Amino acid sequence: MIIYNTTFHIHKDILDECLEYLKTCYIPAASRSGMLREPRLRRVLRSENEEGESFSLQFHARDIESLNEWIRMEGAALQQELIERYKEKLVGFSTLLEEMELS
């Protein structure tokens, strides 16, 4: 299982609007194909500053190949929409996490 994590820093001027957009448009669109599952949106604690706040958006993907296919087919366009919509008031970076067994 792969976890696709994107951490966003959202400028305070667009914070409420951007969170609403992520919840009502971006996350449903990213999940629609079923290639990304179990979306989670989390606030990064102690990230708040005078310019904005940070949030982590995570999805589960079956494997890296499935994730790469999603990025190619859908994800790149969704990311471009975010960039065009919020410009420099939203910045982010993505990381891939592998779920590990504890035993």
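## A tour from the cavity to the salt bridges

The largest cavity here has a volume of about 40 Å³. Keep in mind that you're looking at a predicted model.

**Stop 1: the cavity lining.** Select Y4, T6, Y26, L36, L57, F59 and W70, and you'll have the residues that line the largest cavity. Six of the lining residues are nonpolar, one is polar and none is charged. Now color β1 (2-11) and β3 (52-61): each of these strands gives the lining at least two residues.

**Stop 2: D13 and K89.** Time for salt bridges; the count comes to four. Side chains of opposite charge can pair when their charged atoms come close. Show the side chains of D13 and K89, which meet in a salt bridge at 2.9 Å, N to O. D13 sits in the loop between β1 and α1 (15-31), and K89 in the loop between α2 (64-86) and β4 (90-98), so this pair ties together parts 76 residues apart in sequence. D13 counts as exposed, at 51% relative accessibility, while K89 is partly exposed at 27%.

**Stop 3: E17 and R85.** Next, pick E17 and R85, another salt bridge, with the closest N and O atoms 3.8 Å apart. Here E17 belongs to helix α1 and R85 to helix α2, so the pair links parts that are 68 residues apart in sequence. E17 is partly exposed at 43%, and R85 is partly exposed at 44%.

**Stop 4: R62 and D63.** Finally, select R62 and D63, whose closest N and O atoms are 3.6 Å apart in a salt bridge. Is R62 buried or exposed? Exposed, at 59% relative accessibility. D63 is partly exposed, with 24%.

Note on methods
Residues are numbered from 1 along each chain as its sequence is written. This is a predicted model: local features need pLDDT of at least 70, side-chain atom pairs count only at pLDDT 80 or more; totals for chains, interfaces and linings use all residues. Side-chain values use heavy atoms; hydrogens and water are left out. On a 1 Å grid over the protein atoms alone, a cavity is a set of points where a 1.4 Å probe fits but cannot get out, and a pocket is an open set with protein on both sides within 12 Å along at least five of seven lines; lining residues have an atom within 4 Å of a point. Grid points are joined across faces, edges and corners, and a volume is the space filled by probe spheres set on the points. Helices (H or I, at least four residues) and strands (E, at least two) are DSSP runs, numbered from the N terminus. Ala, Val, Leu, Ile, Met, Phe, Trp, Tyr, Cys and Pro count as nonpolar, Asp, Glu, Lys and Arg as charged, and the others, Gly among them, as polar. Buried means under 20% relative accessible area, exposed over 50%, partly exposed in between (1.4 Å probe, protein chains only).
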